[in-house]
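Subject: Structure handover

Hello,

Here is the structure for your files. Please open it alongside the notes below.

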Amino acid sequence: MRHLFLALAFSGLLMACGQSYEEHKRLSRAERIRRMKEDSAALKIAVMPTLDCLPLYVAQKYRLFETLGADVRLKYFTAQMDCDTAVAGGSAEGAVTDLVRAGRLAEQGIPLTYKVATGAYWQLVTNRNARIKELKQLDDKMVAMTRYSATALLADYAVDSAKVKDERVFRIQVNDVTVRLQMLLNNAMDALILPEPQATAARIMKNRVLLDSRAVDMNLGIIAFKKGIEKDENRRKQLDVFIRAYNMACDSINKKGIAHYRDLVTKCCRVRPEAVDSLPEDIRFKHAVGPRQVDIEAARKWLSRQ
């Protein structure tokens with residue numbers, strides 16, 4: 001009888017444990033479903049480890065989106081192509097990108113609406129060990145960039161300006177901006193086209209800048225969203241909150257200076273603190289306004305020739 005009691009007790013314990021495990025699985029599944037629903041309802045924006053994303057990082061860190069009453073989430077990537085994939089596949093409604101890539105997406109049947117001109121700029125930086133002092137010396141050299149992007153447009157501009165034969169400058173596709181910088185630091189590339197703060201990280205290592213998109217009046221950086229999402233009332237509210245929070249973050253950065261957000265830039269942009277300390281002091285972030293028509297047209301014309 002004693003053995004029977006122990007067997008029954010042990011069986012009951014197993015059943016209780018089994019129920020607990022099944023309950024745990026059910027709750028975990030419910031939690032996963034809840035989180036998926038929340039993520040689906042949120043306004044998701046693909047971002048990069050670049051300085052033009054700083055207002056979004058500030059807005060997220062200080063909960064500006066939440067305070068203003070909307071669920072806006074950032075999806076972090078290190079390559080523009082991955083941002084494109086997120087928007088095209090529906091895992092993000094918007095992205096920090098450029099007019100060339102946005103135009104390319106439109107050609108692929110994914111039209112975007114341009115909400116913000118970010119003021120992002122790119123610099124063509126040459127490896128100091130390559131001893132390239134002029135654009136014409138890019139002949140028979142490798143330049144790292146991303147296809148169908150502002151960096152590709154700028155590379156073409158550099159080649160045309162130097163009157164070098166197009167086929168004599170080898171455009172190497174390196175999509176990950178952090179890998180692109182590392183290739184320069186490791187002497188694996190002759191030249192690269194970099195945004196900030198990666199361009200500053202390259203400059204402080206005594207690498208030479210031969211071309212700056214600002215010097216040729218190219219303002220190609222934007223924040224874009226899938227066209228038509230504002231037809232949904234909830235999305236319209238989220239977009240409104242996004243703009244308001246973005247503007248507030250810009251005001252804070254301009255008032256306090258980028259140095260105030262040194263740790264945030266270091267973490268989100270994956271650069272050393274000294275690169276943040278060496279950023280140009282005249283960088284300012286403007287309130288949300290659409291890009292210039294001349295820049296939209298420049299991107300369109302370049303794409304039409306590809």
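Two strands count as paired if DSSP finds at least two bridges between them. Helices (H or I, at least four residues) and strands (E, at least two) are DSSP runs, numbered from the N terminus. This is a predicted model, in which local features need pLDDT of at least 70 and side-chain atom pairs count only at pLDDT 80 or more, while totals for chains, interfaces and linings use all residues. Residues are numbered from 1 along each chain as its sequence is written, and side-chain values use heavy atoms, with hydrogens and water left out.

The sheet

Five strands make an open, mixed sheet, ordered β2-β1-β3-β10-β4. β2 (72-76) and β4 (112-117) are at the edges with a single partner strand each, so one side of each has no neighbour in the sheet. Direction ignored, neighbouring strands are turned by 30° against each other on average. Axes are lines fitted to C-alpha atoms, for helices over the stretch in contact; angles run from 0 to 180 degrees between N-to-C directions.

Now the pairings. β1 and β2 run parallel, joined by five bridges. Leu43 stands opposite Val72 of β2. β1 also pairs with β3 in the parallel sense, over two bridges. There, Ala46 faces Ala95 of β3. β4 and β10 (residues 221-226) run antiparallel, with five bridges. Ala117 has Ile222 of β10 as its bridge partner.

β1 is mostly covered, with five of its five residues buried (under 20% relative accessible area; exposed is over 50%, partly exposed in between; 1.4 Å probe, protein chains only). Leu43, Ile45 and Val47 point one way from β1, and Lys44 and Ala46 point the other.

Helices on the sheet

α2 lies across β1 (43-47), β2, β3 (94-98) and β10, at about 125° to β2. α4 (residues 80-89) also packs on the sheet, where α4 touches β1, β3, β4 and β10. Its direction makes about 145° with that of β3. Contact means heavy atoms within 4.5 Å.

Helix against helix

α2 (residues 54-61) packs on α10 (residues 262-269) at about 110°, axes 11 Å apart. The two are therefore roughly perpendicular (65 to 115 degrees; under 35 is roughly parallel, over 145 roughly antiparallel, the rest oblique). Leu54, Tyr57, Val58 and Lys61 of α2 meet Leu264, Val265 and Cys268 of α10.

Best wishes
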